[in-house]
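Take a moment with the sequence and the 3D view. Then follow the chain from its overall build down to single residues.

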Amino acid sequence: LATQNAIYDITNGQMKKIYENVNNEIKAFEINGANIFVAFNDKVVMIDSSNVESSVYPSETDTYSNWFISDMQYVDDSLYLLKVECADFSYFYGSEYWKGELVRIKIDISETKSFTMLSTNFGDENSFYSPLRFFAVRRDELLIMDDGVVVEDWEIKQKNRLAIFNFDSM
């Protein structure tokens, strides 16, 4: 269970706070064993069993501005992020322009806590508009809900989609 600034564990009717950050609003979280992955407005961190926080995404060289993580899913040794980025194109289109990305980060939880971004999906007509949530995880696939749009004859139209990504293609 998560509130705006805290994550709770509910076991046998008892609620226990397991993480809190009063300075940042929690956008999404994923728990894998003793590790908690938390997305805020501008970063994703991992909190280990000793409450040590490590930066997972973005790297210090990335310079994204208007983005957020809408959902996370941990599968095998990778953390998958649904990233939504907003750009202001009101001069051209009269509104903001949203684009989405599936980010895969390989997690090596050891003393070095290595996080390596392996792949993204970004930028063509088959990419996301605004990925919302992971719908399901199958043995070989991720199913993702996208609040999509299409442009037909210079008109933007709503087109919600269910995207399927095969793990072998990533």
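Among the contacts in the chain with a separation of 6 or more, 36% join residues 24 or more positions apart. Keep in mind that this model is predicted. The chain has 15 strands and 1 helix. Of its 170 residues, 38% are buried. The accessible surface comes to about 10400 Å². Carbon and sulfur atoms account for 45% of that surface.

Now look at two strands. Strand 5 covers residues 44-47, and strand 6 covers residues 53-57. They pair in the antiparallel sense, over 4 bridges. Find I47, then look across to strand 6: its bridge partner there is E53.

Next come the aromatic rings. A pair of such rings is described by two things: the distance of the centres and the angle of the planes. How many aromatic pairs does the structure hold? It holds 1. The partners are F37 and Y74. Their centres lie 5.5 Å apart, and their planes are 20 degrees apart. Planes under 30 degrees apart count as stacked, so this pair is stacked.

Where do these rings lie in the chain? F37 is in strand 4 (residues 35-39), while Y74 is in strand 7 (residues 67-75). The pair therefore ties together parts that are 37 residues apart in sequence. Are F37 and Y74 buried or exposed? Both are buried.

Terms used: Residues are numbered from 1 along each chain as its sequence is written. This is a predicted model: local features need pLDDT of at least 70, side-chain atom pairs count only at pLDDT 80 or more; totals for chains, interfaces and linings use all residues. Side-chain values use heavy atoms; hydrogens and water are left out. Two strands pair if DSSP finds at least two bridges between them. Rings of Phe, Tyr and Trp (its six-membered ring) pair if their centres lie within 6.5 Å; planes under 30 degrees apart count as stacked, over 60 as edge-to-face and the rest as tilted. Buried means under 20% relative accessible area, exposed over 50%, partly exposed in between (1.4 Å probe, protein chains only). Contact means heavy atoms within 4.5 Å. Accessible areas come from the Shrake-Rupley method with a 1.4 Å probe; for residues, only the protein chains shown count as cover.
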